[in-house]
Amino acid sequence: MNIRNIAIIAHVDHGKTTLVDQLLRQSGTFRENEATVERMMDSMDQERERGITIQAKNASYTWKGTKVNIVDTPGHADFGGEVERILSMVDGCLLLVDASEGPLPQTRFVLNKALRNGIKVMVVINKIDRPDQRITEVENEIFDLFIDLGAEEDQMNYETIYAIARNGIATTERPADHKEALAIKGTLEPLFDAVTRIVPPPRVEPEKPLAIVVSNLAHSDFLGRICVGRVQQGSIKVGQQVAILGRNGKRTQARIQELMTYAGMKQVKAEVLHAGDIAAIAGIENVEIGDTIGALDLPGPLKRIEVDPPAVNMGFIVNSSPMAGREGKVLLTRELMERLQKEARRNPAIRVEPTNSPDEFLVSGRGELQLAVIVESIRREGFEVAVGKPKAVLNTIDGVVCEPIEKAYVDIPEDHFGVVNEMLHQRKGRMINMINKGSGRVNLEFEIPSRGLIGIRSHFLTATRGTGILNTIFHGYEPFKGDIDERQNGAMVADRSGDTVPYGLFHLEPRGQLFIGAGVEVYEGMVIGENARDNDLWVNAIKTKKLTNMRASGTDEATTLSPPRNMTLERSLEWIRDDEIVEVTPKNIRIRKRKLKNPT
Ligand SMILES: Nc1nc2c(ncn2[C@@H]2O[C@H](COP(=O)(O)OP(=O)(O)OP(=O)(O)O)[C@@H](O)[C@H]2O)c(=O)[nH]1
Ligand SMILES: [Mg+2]
């Protein structure tokens, strides 16, 4: 059978998952009325809730006798590691670019990776129905990007397709404007045809002994771990005894218990799969991404997948709070380590290391969102854990302590320039370019330490009243930029355990901003608010009114409590200092002091 393997790559939100939906629908992959939800490939709870793709996922469709394996990838920079390793499975990719936003930092990142991997790139300008589309300009920007990234001559001869992924429409003719785009009657047929025509068949070696590089890992409740990769050499059969060639020459053996291939979004059983196809293999537990699964006589592993190093890390700590174990199961040292290692095996962009404290592990990833997603999944599995402040991963280069630096691209209304500029400067950002488009908006480019970006998004959105766009991308390492002024305020900390009462909280309100309301159980050392001053303030939040003190008027002070500040996981991670940690249970997020005892 004719096979093509492609990935869909783009900046976040440019419409990848929507396009995959439509490709699957229009190729008749689903039975009537089977495909009802939108963006089906975003199947994880957190993906649906956050509205973004977190994990790369495989599917396939058949078009005019050709089977096309297609991988949907995430566009958010924190999950860039997924894209990097997926590219080793494919020979072509669709580079989606929003017809209004144009190429953005992650477009550059993924295109660069695709070009370096020698993958055939097709450009899809999507969302041409947007009233603010600027198709011609965007096309020029894409061309410049190819040049800038040093694309070779044949890579420069890419084809461009125009699409409205949401309506399942594609065309090879550039529409004059969005009205013309909306008038197009048709389907994705031009895109389907272009894929089979332009993307080359897999570059594989069927005659050689079996070899597959594991590019992705998935989990099935029935089958356990599932390894996904392209059959690079030879073929693979159910029941076959294979060698696993791991890191540092490690070689073990396993049997292929079950073999699957993708049909639509489903995995279907296969007896044998040949070079070029993408295989999902069950029955091999001890395997990492990048390992080679091969014939017993395969002399050595294929090239390991390399991904960019992590930029941010944070401590994962066994939950030892006085309430530990009440709302979930506490992951004990070993269980926590195993849970985290599972994450690292699935994702080479994540690293897990021990620390000086036996109950704490350091987990490194691309960004705070990636780490927050791990915390969130642990809590959804019913477990409790505590986490420390996210920090930049330092790197000593030629004896100099260096830190990761990112480029931040900012697009804001002119009026917000002052506040945004100040915010980035405070976080050790340096402005290196500014373009005033004359449309009332300005584009700024900053170089800023990764740690300066931790938690910036919510502040940025507030500062620009939701009208600003902030995109970042890893730039390189530079000598440590010195301390960034952290939180100016101290914490308000409960000095004893009990349930909070309106009376107690009412008297604390003037002293800062509370994080909790009345009737909440607190413990000594738990942070209940932000102090207006810079020191920590230990307070009694459970103080009740003395009877002798009763007022005659009968007005109850409780009714006048102002709403507490809701500290989500992400907000808490940004807010805490080194001597504070966040306790995460399936039901609650609490901030606490590392040392719970009131020091005074
Ligand atoms: N106007 C318009 N909106 C579109 C089109 N295609 C997708 N969208 C919208 O763009 C948003 C993002 O779509 P997704 O498919 O989730 O984008 P994505 O690239 O998969 O996003 P990530 O996986 O998070 O990087 C959704 O609200 C879509 O409905 C289009 O052709 N026109
Ligand atoms: Mg997506």
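**Working through the model**

Q: Which strand is glutamate 403 in?
A: Glutamate 403 is part of strand E26. Keep in mind that this is a predicted model.

Q: Is glutamate 403 buried or exposed?
A: Buried, because its relative accessibility is 0%, and the cut-off for buried is under 20%.

Q: What does the side chain of glutamate 403 have as a polar neighbour?
A: A polar atom of that side chain lies 2.9 Å from the backbone nitrogen of lysine 481.

Q: And E26, how many bridges join it to E28?
A: Nine, and the two strands run antiparallel. E26 covers residues 400-413. One pairing to look at is isoleucine 412, whose bridge partner in E28 is valine 442.

Q: What about E27 and E28, how many bridges there?
A: Six, again with an antiparallel run. E27 spans residues 430-436, and its methionine 434 has leucine 444 of E28 as bridge partner.

Q: How many residues sit between E27 and E28 in the hairpin?
A: Four. Glycine 438 is in that turn, with a positive phi of about 80 degrees.

Q: Switching to the metal. Which atoms coordinate the magnesium ion?
A: OG1 of Thr17 and OG1 of Thr53 coordinate the ion, ligand 2, at 2.0 Å. Threonine 17 belongs to helix H1 (residues 16-26), while threonine 53 is in the loop between helix H2 (45-50) and strand E2 (57-63), so the pair ties together parts 36 residues apart in sequence.

Q: Are those two threonines buried or exposed?
A: Both threonine 17 and threonine 53 are buried.

Q: Now ligand 1. How many residues surround it, and which are closest?
A: There are 17 around ligand 1, and the closest are Lys16, Thr17, Thr18, Thr53 and Asp129. H1 gives the most to this shell, with three residues.

Q: What's the split by class in the shell around ligand 1?
A: Four nonpolar, seven polar and six charged residues.

Q: Which polar atoms face the oxygens of ligand 1?
A: Among them is a polar backbone atom of glycine 15, 2.9 Å from an oxygen atom of ligand 1. An N or O atom in the side chain of lysine 16 is 2.7 Å from an oxygen atom of the ligand. For lysine 127, a polar side-chain atom lies 3.0 Å from an oxygen atom of ligand 1.

Q: How much of ligand 1 does the protein cover?
A: 88% of the 660 Å² of accessible area that ligand 1 has on its own.

Q: Last one: where is glutamate 139?
A: In helix H5, residues 135-148. Glutamate 139 counts as buried because its relative accessibility is 16%. Its C-alpha atom is 8.0 Å from that of glycine 102, a residue 37 positions away along the chain.

Terms used:
Residues are numbered from 1 along each chain as its sequence is written. Chains are lettered from A and ligands numbered from 1 in the order in which they are written. This is a predicted model: local features need pLDDT of at least 70, side-chain atom pairs count only at pLDDT 80 or more; totals for chains, interfaces and linings use all residues. Side-chain values use heavy atoms; hydrogens and water are left out. Donors are N, O and S atoms within 2.8 Å of the metal (3.2 Å for Na, K and Ca); water is not among the atoms, so sites may look incomplete. Buried means under 20% relative accessible area, exposed over 50%, partly exposed in between (1.4 Å probe, protein chains only). Two strands pair if DSSP finds at least two bridges between them. A residue is near a molecule or strand if one of its heavy atoms lies within 4 Å of it. A polar contact is a pair of N or O atoms within 3.5 Å; within protein, one must be able to donate a hydrogen and the other to accept it, and residues adjacent in sequence count only if both atoms are side-chain atoms. Accessible areas come from the Shrake-Rupley method with a 1.4 Å probe; for residues, only the protein chains shown count as cover. Ala, Val, Leu, Ile, Met, Phe, Trp, Tyr, Cys and Pro count as nonpolar, Asp, Glu, Lys and Arg as charged, and the others, Gly among them, as polar.
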